[in-house]
Amino acid sequence: MYKHVTTLTEFVVASERKQKEATGSFTLLLTHIENAAKIIASHVKRSGLADILGKTGTTNAYDEEVQKLDEFSDKLLFDMLSDSGQIGYLGSEEKEDVLCVNKKGKYNVFFDPLDGSSNIDVNINIGTIFSIYHNDGDVLREGRVQVGAGYVLYGPSVMFVYSSGAGVNGFTLDPSIGSFLLSHENIIVPQNKNYYSINDGNYELFENSMKEYLTSIKKEEKPYQSRYVGSMVADVHRTLLKGGIFMNPSNKKRPDGKLRLLFEVNPFAYLMEQAGGSAVSGKISPLDIKPQSLTQRTPIVMGSKNEVKKYLTFI
Ligand code: AHM
Ligand code: MG
């Protein structure tokens, strides 16, 4: 029997229509990101074949130049977003400077074309992260004023998860028709869950407060379970759906943590808050930090509200 399903495009159009001054330009922008995601997904799927079809810098069996996946994704997003006609400035985690597409363009977009680089070669989940702002001339704005953010998870299924300020919704790619279909409506992070996600290998480098917190949750009657992929998109996606706490804290070697405020932390902090969870950098929300540079890093802890609250009692 036929069952009506909602595609990402239908959903975005319907959401934009609810806003009085909507012009359709946000829909157009997201459609370009969606199309780029589908192309990247199809390349990610074939990535394991690089070894037999030809490595980067060489030509493959079809005489095509083989590009590194992250470089390919970066260029594709730059090209497709520039062509959308909606862009003021573009920033990529792969580049040192922003690109001015059109000073008067409506939106600025920051993206991490393929996050989780250590997992690309081993066929483990990776993702694309994006963050959208109105272009008001100042490129370095607080995450709080994002008008949308989301990510694409290249996993067993490909998922597109985004928010434009009215909750978080997830769409799964149906490969047979090539469309993202609404599969996770209005995602709400469970308030509690005894999962923790951190690179424990850095334990000795962590600040004492973090060590004390980690020791304490392992000593609880029902000890916390460790879950760590090492791809932020995968680790935060699980946290959004199942709850728990994700941490990339400062350590002696990296006093500002590893993750970048504009490309990784802010989009996920925005999604986390939109889904009823919380996110902190130190004691404040990263969304309230005024970025000083494009490449700024910040320590981050995010996830279920009560788990973040418990963590905060240690610092
Ligand atoms: P990348 O941008 O080089 O891929 O690094 C970001 C990734 C995140 O996806 C992940 O959360 C983090 O690095 C893992 O860091 P660590 O190597 O400290 O575990
Ligand atoms: Mg990254």
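Across residues 189-312, 36% of the chain is helix and 13% is strand, and the end C-alpha atoms lie 18 Å apart. Helices (H or I, at least four residues) and strands (E, at least two) are DSSP runs, numbered from the N terminus. For residues 189-312, UniProt (unreviewed entry) gives the feature "domain: Fructose-1-6-bisphosphatase class 1 C-terminal"; such annotations may be inferred rather than shown by experiment.

The model is predicted: local features need pLDDT of at least 70, and side-chain atom pairs count only at pLDDT 80 or more. Residues are numbered from 1 along each chain as its sequence is written.

The magnesium ion (ligand 2) is coordinated at 2.0 to 2.3 Å by Glu-93 (OE), Asp-112 (OD), Asp-115 (OD) and Glu-264 (OE). Donors are N, O and S atoms within 2.8 Å of the metal (3.2 Å for Na, K and Ca). Glu-93 sits in the loop between β1 (87-92) and β2 (99-100) and Asp-115 in strand β3 (residues 107-115), so the pair ties together parts 22 residues apart in sequence. The table gives the burial of these two residues; buried means under 20% relative accessible area, exposed over 50%, partly exposed in between (1.4 Å probe, protein chains only).

| Residue | Relative accessible area |
|---|---|
| Glu-93 | 19%, buried |
| Asp-115 | 7%, buried |

A nonpolar core is a set of buried Ala, Val, Leu, Ile, Met, Phe, Trp, Tyr and Cys residues joined through side-chain atoms within 4.5 Å. The largest has 38 residues, and Ile-132 is among those that touch the most other members. Helix α2 (residues 25-45) contributes the most to this core, 9 residues. Apart from it lies another core of 29 residues, including Val-168 and Met-232.

How values were computed: Chains are lettered from A and ligands numbered from 1 in the order in which they are written. Side-chain values use heavy atoms; hydrogens and water are left out.
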